[in-house]
Amino acid sequence: MTEEIVDPEPRRRKRISKKTKKGWRKASKIDDIEEFLEQTRADERTGVSGGNSRLYLIDNLKSSSRKKSNADLKCHQGLKLDSSIPPVHVSQKVVKPVEKPVKSTASKAVSKTASKRRSASHAVYDLWSTDMTPSEEVDEHFAKVCKKRRVKPPPKYRAKPSSIETFEIPHPGASYNPLHDDHQALLKRAIEIEEKKEKCEMKLKQALDNYFPVTSSKSSEAIWLKEMSVGLTYDDKEKSEKSANDGKNDSDVVSTFQSGVERKKTERQRRLEKERRLAERKCQKEKEQKLRENEKFRLKSIKKELKLREMKLATRAAWKELERQENRNIPKKLGKLNYEEPVVNIQLTEELSDSLRQVKPEGHIAEIMFKHLQKKNIIEPRKRAKPLKRCASKLFEKKGHRAVAI
């Protein structure tokens with residue numbers, strides 16, 4: 001049998017107060033400190049213990065290999081900066097002449113071959129064309145002088161707003177000595193313009209004045225008396241009609257009241273209605289599903305419809321382009337006002353002069369050019385701004401001022 005060794009319980013350390021000298025001496029262990037102090041005192045009396053190794057340093061290096069110290073002399077150390085803040089550093093840039101590197105003939109040849117390869121690798125394409133084939137049209141002079149490639153503008157960049165000529169030639173009938181046919185053609189043109197204006201005026205008159213005709217004083221008095229006397233007297237016919245209408249209204253009220261009582265439904269009626277609604281909804285869904293499934297067999301007809309639609313769109317685009325070309329010379333509405341044709345200056349057959357001395361100038365060149373620019377869609381039609389009419393200030397004498405006697 002083995003006996004188990006059980007450690008005794010650890011004893012608690014006795015705590016002693018060290019606030020007094022007596023308690024300090026009892027509690028603290030200062031043997032090692034005292035021993036060290038004794039040793040140091042002995043060393044001071046007899047010299048450092050440990051032999052020559054403690055007292056002397058043996059130099060094993062050669063005298064020739066020793067380096068001289070680069071420290072400054074003590075007299076020169078006072079001239080140095082003592083501050084820990086570094087001095088301000090002002091940068092003074094000195095422009096150095098740039099020397100261009102002289103290229104050798106071999107490097108020039110290499111750069112030329114590289115540029116050729118680069119130009120061959122970067123092909124020139126037209127930005128505005130649909131096909132992406134490289135274009136070979138390059139202006140060599142422009143590329144050589146400007147060192148750039150000319151930018152190609154879009155096709156509508158130089159398109160004019162109107163195909164009307166810059167300077168409009170006047171009608172031959174407006175000459176000082178016109179031919180008979182030319183003069184008659186100019187008169188016909190002026191008559192057409194006047195007829196068009198008269199037609200517009202008649203249209204306005206029919207739309208406004210004919211709807212509100214001016215009546216005489218007697219007829220207006222009779223109309224006024226009739227309007228004012230409405231409701232004062234009742235005829236027998238009106239009374240009978242009114243009584244019949246009252247009876248109808250009463251019967252309608254009774255029927256609506258009875259129908260309102262009968263509207264209440266039983267639970268069975270509500271359930272049947274709900275089932276009917278659900279059946280209808282189910283039937284509608286099945287029908288839609290069948291139509292969706294049958295769409296597979298309509299591929300031919302769908303293709304036909306798409307083809308017809310494309311043809312319609314193409315014809316419509318062609319008609320629009322044709323209409324645009326026809327209406328190209330018609331002035332557009334660029335602003336609030338519409339373009340108005342200038343007044344045709346004409347002279348009747350009796351007013352034509354026999355010589356140039358008797359010809360009177362008509363029209364103004366600036367006004368004609370201004371109208372022509374409007375016709376070409378370069379500027380919008382404008383109207384001359386009228387000056388503001390300000391009422392004249394009235395002078396009057398105040399009552400208080402009038403009452404003062406001088």
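Modeller: Happy to; below we go from the whole chain to single residues, and please keep in mind that this is a predicted model.

Colleague: What makes up the protein chain, in helices and strands?

Modeller: The protein chain has 13 helices and zero strands, so every helix label rests on a DSSP run of at least four residues. Its exposed surface comes to about 42800 Å², with 56% supplied by carbon and sulfur atoms. Buried residues make up 5% of its 406 residues.

Colleague: How do you know that helix α7 has the span expected of a helix?

Modeller: Helix α7 covers residues 180–208, which is 29 residues, and it reaches 42 Å from its first C-alpha to its last. The expected value at 1.5 Å a residue is 42 Å, and the span is close to that.

Colleague: Which residues of α7 are buried?

Modeller: His 183, Leu 186, Leu 187 and Ala 190 are buried in α7. The label means that each has under 20% relative accessible area. As background, residues three or four places apart on an α-helix point the same way, because there are 3.6 residues a turn.

Colleague: Why is Ile 30 called partly exposed?

Modeller: Ile 30 has 31% relative accessibility. Buried would need under 20% and exposed over 50%, so Ile 30 counts as partly exposed. Its place is the loop between α1 (21–27) and α2.

Colleague: What makes the nonpolar surface patch that includes Ile 30?

Modeller: Trp 24, Ile 30, Ile 33, Phe 36 and Leu 37 make a patch of about 480 Å². Helix α2 (residues 31–46) gives the largest share, three residues. A patch residue needs over 30% relative accessible area, so Ile 30, at 31%, passes that cut-off.

Colleague: And why is Gln 358 called exposed?

Modeller: Gln 358 has 54% relative accessibility, and the cut-off is over 50%, so Gln 358 counts as exposed. It is found in the loop between α11 (299–326) and α12. Gln 358 and Tyr 176 are 182 residues apart in sequence, with 9.9 Å between their C-alpha atoms.

Colleague: How do you know that Lys 376 has no salt bridge?

Modeller: The nearest side chain of opposite charge, Glu 165, is 9.2 Å away.

Colleague: What is Lys 376 in contact with, leaving aside its neighbours within four places in sequence?

Modeller: Lys 376 is in contact with Pro 161, Ser 162, Ile 164, Glu 165 and Thr 166.

Conventions: Residues numbered from 1 in each chain as written. Predicted model: local features only at pLDDT ≥ 70, side-chain atom pairs only at ≥ 80, totals over all residues. Heavy atoms only, no water. Patch = residues over 30% accessible without salt bridge, like charges linked within 9 Å, V, L, I, M, F, W, Y side chains within 5 Å. Areas by Shrake-Rupley, 256 points an atom, 1.4 Å probe, with all protein chains shown as cover. Salt bridge = Lys/Arg side-chain N within 4 Å of Asp/Glu carboxyl O. Helix = DSSP H or I, 4+ residues; strand = E, 2+ residues; numbered from the N terminus. Buried < 20%, exposed > 50% of the residue type's maximum accessible area, 1.4 Å probe, protein only. Lys, Arg positive; Asp, Glu negative; His and termini not counted. Contact = heavy atoms within 4.5 Å. Expected span 1.5 Å × (residues − 1).
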